[in-house]
Amino acid sequence: MLELHAVAFLQLFEFLSDFELVMKIIVLMAILNFARNHLGNSPTSLLVVAIFSYFVLFMFWPFFGTMWLLYSLLAMGLGGVLVDFFFVSQMAGGRPDEEMHGPHGKKHGPHVPGFGGGGAGGVPGMGPPMRPPG
Amino acid sequence: MVVILLLVVLIVALAPAVIMVLFEPAGILIRIIMAFLVFSTVRQYLGNSGLALIVSAILIYFIVIKWAPVAASIYVVVFLLMAVNFFSVLFWGIATNMPKKH
C-alpha cells in the first residue's frame, strides 16, 4: 500500500515536471513570436528573445509561470465557470417543492392566517397585519 | 449542492480519459486530433521551419504519447467544453432542478 502511494506520488511529480517543461516551451515560443512580430528576423530580435527568456524562463519563472497559467485559464473562460459555480449555483431551488405545492402547483400545507396568501387584513407576501399595542 | 456540482465536474473531466482507456479507437482518434492541434499551434508560432518540427516532436511526445489521458481530459474540458460555456449550462441546469431551500 505504501509503495503504491509512493509510486502515485512520484508519478504526480513526474507529471508536474513534464507539464512545467511543456509550459516553458510554449512560453518560449510566445516570446519568439512576439519578438519576431515586432522586430522581424534580425539579430536584435534574437537579443530581445535571449533577454526575455533569461528573465521569464529562468530568473522569475515561478511568478511568470503562475501568471501565464492564470492568464490562459481566464482567457479560456475560467472566470465564467467560477462565477457560475459560486453564484448561479447558490440560486438553487428553481424547481417547486412537491411537499409545499402539490402536483397542481396549489399550496396544500398548513395555512397560517395573516401570513401571506390573503389572511384577514393581510397583504399577500407581506406578513401579518399590524395590531395596536395593548 | 457544491458537492454535487464538484462530482459532476469531476465526472465530466474524467470521462475523456476513461473513454480513451476503454475504447482504443476513441483513444487513437483523440491522439490524432491532439497531434494536429499541437503541430498547427507550433506552426502558427514558428512558421514552416525545422525548429517547428523539433518543438512539435517534443510537445507531441509529452502531450500525445506520455500523458495522453491527462492531456485529453485537459483538452476536452478547457478547449472544447469551456469554449462553448458548457459548464454554465451544466451549473444552471443542476441548480434550477434542485429542490427549494427552506
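User: How many salt bridges are counted between chain A and chain B?

Analyst: This is a predicted model. A salt bridge pairs a side-chain nitrogen of Lys or Arg with a carboxyl oxygen of Asp or Glu within 4 Å. Here the count between chain A and chain B is two. In one salt bridge, the side chain of Glu14(A) meets that of Lys66(B), at 2.9 Å from N to O.

User: Which elements of chain A supply at least two residues each to the side that touches chain B?

Analyst: They are α1, α3 and α4 of chain A. Of these, α1(A) gives the most, with 12 residues. By class, that side of chain A divides into 16 nonpolar, seven polar and six charged residues.

User: How much area do chain A and chain B bury between them?

Analyst: They bury about 2,900 Å², and 72% of it lies on carbon and sulfur atoms. In this interface, 29 residues of chain A are in contact with 33 residues of chain B.

User: Which residues lie nearest the centre of the largest pocket?

Analyst: They are Phe19(A), Met76(A), Ile74(B), Val78(B) and Phe79(B), among 42 lining residues. The pocket holds about 1,300 Å³ of space. Its lining has 39 nonpolar, two polar and one charged residues, and α1(A) gives the most to it, with eight residues.

User: What classes of residue line the second largest pocket?

Analyst: Its lining has 10 nonpolar residues, with no polar and no charged ones. Among them are Phe34(A), Phe52(A) and Trp68(A). The volume of this pocket is about 210 Å³.

Terms used: Residues numbered from 1 in each chain as written. Chains lettered and ligands numbered in written order. Predicted model: local features only at pLDDT ≥ 70, side-chain atom pairs only at ≥ 80, totals over all residues. Heavy atoms only, no water. 1 Å grid on protein atoms, 1.4 Å probe; cavity = no way out; pocket = protein on both sides within 12 Å on 5 of 7 lines; lining within 4 Å. Points joined across faces, edges and corners; volume = space filled by probe spheres on them. Helix = DSSP H or I, 4+ residues; strand = E, 2+ residues; numbered from the N terminus. Nonpolar A, V, L, I, M, F, W, Y, C, P; charged D, E, K, R; others polar. Contact = heavy atoms within 4.5 Å. Buried area = accessible area lost by both parts, 1.4 Å probe.
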